[in-house]
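Subject: Structure for your review

Hello,

Here is the structure you were to receive, with notes on what was found in it below.

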Amino acid sequence: MNGNSSSRLEGAVVAVAGAAGPAGRAALLRLAEAGATVVASDADPGRLAEAVDAARYAHGGATVTGDTVDLLDLNATREWADKTEKEFGRIDGLVHLVGGWRGGATFAETDLADWQLLEKLLIRTVQHTSLAFHDGLLRSDRGRFVLISAAGASKPTAGNAAYSASKAAAEAWTLALADSFRKAGGEEGPKAAAAILVVKALVHDAMRAERPNAKFAGFTDVTELAEAIAGVWDRPAREANGQRLWLTPKP
């Protein structure tokens with residue numbers, strides 16, 4: 001463990017949206033290891049409970065809690081943010097891991113039903129979490145909003161129009177949040193930061209087991225992503241705010 005990230009996350013309260021998937025599980029483990037109080041949410045209560053229990057078990061004494069939250073409901077998301085800050089006295093981070101992918105073979109075969117789904121999963125949840133946690137992160141001395149994005153947002157392929165456009169919109173929204181943090185900081189610079197971690201795609205052990213001969217070239221392991229998430233707290237807010245931090249070569 002990097003001692004620096006441990007010191008910045010020690011005692012921090014970090015919310016993780018979309019926490020029940022492989023990336024979420026890795027993030028819960030890494031944040032708990034660094035001494036953070038972790039507040040996890042997911043739409044799937046069963047998988048969420050498993051993820052929370054795994055993080056608690058791996059790091060005895062760590063405070064890891066789970067809330068089933070409908071992030072497509074702005075009021076419910078605000079209630080989650082308010083409850084978290086009230087219960088723990090502060091909120092120092094929101095890590096956005098809500099994912100989803102739909103795509104086709106060609107541009108002409110794009111199904112706009114894919115867009116309707118991805119707009120909810122990849123854009124609306126970013127809008128709601130950023131609006132709900134904005135003020136609390138500004139009250140923190142180390143507030144961080146971390147979005148996980150994809151290289152395809154910068155270089156879309158023909159069959160991935162809906163996915164890439166959704167990711168690009170989420171990035172733009174997050175950069176607007178970063179500008180709000182910049183303006184709030186005035187001449188002294190931002191105290192909170194909104195940063196984007198860019199991957200080509202993610203890979204985890206179960207995927208490798210299913211496809212033992214696959215190379216997954218350029219993919220980021222979920223444990224590496226979790227390390228990068230924790231590392232956002234290492235960076236001064238001024239250096240992290242409004243930045244795309246590439247975990248894969250730029251396209």
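Nonpolar cores

The largest nonpolar core has 36 residues, and those touching the most other members are Leu-9, Val-14, Val-16, Leu-97, Leu-197 and Ile-229. A nonpolar core here is a set of buried Ala, Val, Leu, Ile, Met, Phe, Trp, Tyr and Cys residues joined through side-chain atoms within 4.5 Å; buried means under 20% relative accessible area, exposed over 50%, and partly exposed in between (1.4 Å probe, protein chains only). At least two residues of this core come from each of β1 (13-17), α2 (22-33), β2 (37-42), α3 (45-58), β5 (144-150), β6 (193-199) and α8 (222-231). Helices (H or I, at least four residues) and strands (E, at least two) are DSSP runs, numbered from the N terminus. Another core, of 26 residues, lies apart from it and includes Ala-132, Leu-147, Ala-151 and Ala-170.

This is a predicted model: local features need pLDDT of at least 70, side-chain atom pairs count only at pLDDT 80 or more, and totals for chains, interfaces and linings use all residues. Residues are numbered from 1 along each chain as its sequence is written, and side-chain values use heavy atoms, with hydrogens and water left out.

Asn-241

Asn-241 sits in the loop between α9 (237-240) and β9 (244-246) and is buried, at a relative accessible area of 10%. Its side chain reaches the backbone oxygen of Ala-178 at 2.9 Å. Beyond neighbours within four places in sequence, Asn-241 has contacts (heavy atoms within 4.5 Å) that include Phe-181, Arg-182 and Pro-190.

Ala-113

Ala-113, in helix α5 (residues 112-139), is partly exposed, with a relative accessible area of 41%.

Regards

Methods
Polar contact = N/O pair within 3.5 Å; in protein donor to acceptor, adjacent residues only side chain to side chain.
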